[in-house]
Amino acid sequence: MNDYYPETTGKNEFETIYNRFFNFFYEVALHFLRHEEDAKGMAQEAFIKLWETGKYTRPEQEIKNYLFIIIRNQCLNSLRNRKKNQRNDDGQDFLLSSINYRLLNETGEDILLYQELFDKIQIAISHLTPQCKEVFSLSRFDELSNKEIASKLNISVKAVEANITRALKSLREELADYLSAKENKSPNKQIRSILISLL
């Protein structure tokens, strides 16, 4: 596609797109990764791919969709690797990576409107007791069965069930506004369905 444009014109078009959208997509990556250098590197890589493919000549919405898909996939890969490395290290970092991975994996650009939702979920889970938090994370983020969790933590299946019940009760109370379709501030159906699947 670049063959149809003089080199100078192509560079000018690309620079216009870069200047207009780079900070936005850097912020997208930073939002999920919470690491400035990683976020900057991913944004730069996305724009390099945009230049190499010549897609910067496409309509604006196509360009934004293309860049978002690249950033989203990069973030998912990074978060997936973090989860593996953090499983036995820092519970809080693992929790944050797990929340971001799940939400990013199950929705699209509209998730960026819900910074408050991310924070609410993180805070709600952090209020759980240590065992309750671990049981909930193993159930919802590692997708282990109750029997597998009981074996891993050396507790009874009934204890697992009780912890999950307590966690769900607490989280549903703290996230009630987001789960209620009647609230003026309730999220769209996709966001609400993600919460329902989590809770």
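A salt bridge, for this tour, is a side-chain nitrogen of Lys or Arg within 4 Å of a carboxyl oxygen of Asp or Glu. You're looking at a predicted model, where local features need pLDDT of at least 70, side-chain atom pairs count only at pLDDT 80 or more, and totals for chains, interfaces and linings use all residues. Residues are numbered from 1 along each chain as its sequence is written, and side-chain values use heavy atoms, with hydrogens and water left out.

**Whole chain.** Start with a cartoon view: ten helices, zero strands. Both kinds of element are DSSP runs numbered from the N terminus (helices H or I, at least four residues; strands E, at least two). Of the 199 residues, 42% are buried; buried means under 20% relative accessible area, exposed over 50%, and partly exposed in between (1.4 Å probe, protein chains only).

**Helix 2.** Select residues 36–53. At 1.5 Å a residue, these 18 residues should span 26 Å, and the end C-alpha atoms agree, being 26 Å apart; the expected span is 1.5 Å times one less than the number of residues. Now show side chains for A39, M42, A43, A46, F47 and L50, the buried residues of helix 2. They sit on the same side of helix 2, because they cover an arc of only 130 degrees around the axis, taken from the directions from the helix axis to the C-beta atoms. Just after helix 2, click G54, which has a positive phi of about 75 degrees.

**Salt bridges.** How many salt bridges does the count come to? Five, and here are some of them.

- Pick K169 and E173: their side chains meet in a salt bridge at 2.9 Å, N to O. Both lie in helix 8 (residues 157–174), four residues apart, so about one helical turn separates K169 from E173. K169 is exposed at 53% relative accessibility, and E173 is exposed at 52%.
- Jump to R20 and E60, whose closest N and O atoms are 2.7 Å apart. This pair links distant parts of the chain, 40 residues apart: R20 in helix 1 (residues 7–33) and E60 in helix 3 (residues 60–86). R20 is exposed at 55%, while E60 is partly exposed at 35%.
- Finish with D38 and R82, bridged at 3.7 Å, N to O. D38 belongs to helix 2 and R82 to helix 3, 44 residues apart. D38 is partly exposed at 32%, whereas R82 is buried at 18%.
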